[in-house]
Amino acid sequence: LTAILALLVLSGHSFAGEANGQMAATGARMPVSVTSDKMEAISNENLVTFRGNVVATEDFTLCSDELLIRYSETHDVKEIEASGNVRIFKDDKTSTSDKAVYDRVERKIILTGRPQVKQCTDTIKGDRITVFLDEDNAIIEGDKGGRVKAVIMPEKKCSQPAQEKATSEEARCKGPR
């Protein structure tokens, strides 16, 4: 379970670190590249929306159908929301959900809509997965009496085929959820 909780923190931490301008482990800022079919900026609402085959990359890959970036009045990133077939890839870790929201003020990521986190052969599922970045903690919740499910395998099979490692970031996003 510790490995899965670390997965949540690592997957979200990289994304969160970029969003609020933190320095990467190397001391250099990591650029974020976002591609999509369409982008719309609404200045008076402090909102930028990316739609259609959205791929955001840094030292991880985030894929979704739509990505919204909300800014404060001082133009700081306040919230990042990905929706529709959300997938986050980092090394051998994958998080999936229908929606992921990063709250910069509280430094947490909330995954909802069939959220699932996998690392190697371990899997956790719930109705809501909340990751607290600064505390290195996560809460997995069932909804209205729902249950949480964790599958922790005795042998970790983390190796990826060489072909999968060489797959481009956009190709990973086109794969199945």
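A salt bridge here is a side-chain nitrogen of Lys or Arg within 4 Å of a carboxyl oxygen of Asp or Glu. By that rule, there are seven salt bridges to look for. Keep in mind that this is a predicted model, where local features need pLDDT of at least 70, side-chain atom pairs count only at pLDDT 80 or more, and totals for chains, interfaces and linings use all residues. Residues are numbered from 1 along each chain as its sequence is written, and side-chain values use heavy atoms, with hydrogens and water left out.

Let's start with Arg51 and Glu40, a salt-bridged pair whose closest N and O atoms sit 3.1 Å apart. Arg51 belongs to strand β3 (residues 47-57) and Glu40 to strand β2 (residues 38-42), so this pair ties together parts 11 residues apart in sequence. Strands here are DSSP runs of E, at least two residues long, numbered from the N terminus. As for exposure, buried means under 20% relative accessible area, exposed means over 50%, and partly exposed is in between (1.4 Å probe, protein chains only). Arg51 comes out partly exposed at 33%, and Glu40 is partly exposed at 31%.

Now move along to Glu81, which makes a salt bridge with Lys99 at 3.9 Å, N to O. Glu81 lies in strand β5 (residues 77-90) and Lys99 in strand β6 (residues 93-103), so the pair ties together parts 18 residues apart in sequence. Glu81 is buried, at 14% relative accessibility, while Lys99 is partly exposed at 32%. Salt bridges that share partners join Glu81 and Lys99 with Arg70 and Glu79 in one network. Within it, Glu79 and Arg70 meet at 2.6 Å, N to O.

How values were computed. Helices (H or I, at least four residues) and strands (E, at least two) are DSSP runs, numbered from the N terminus.
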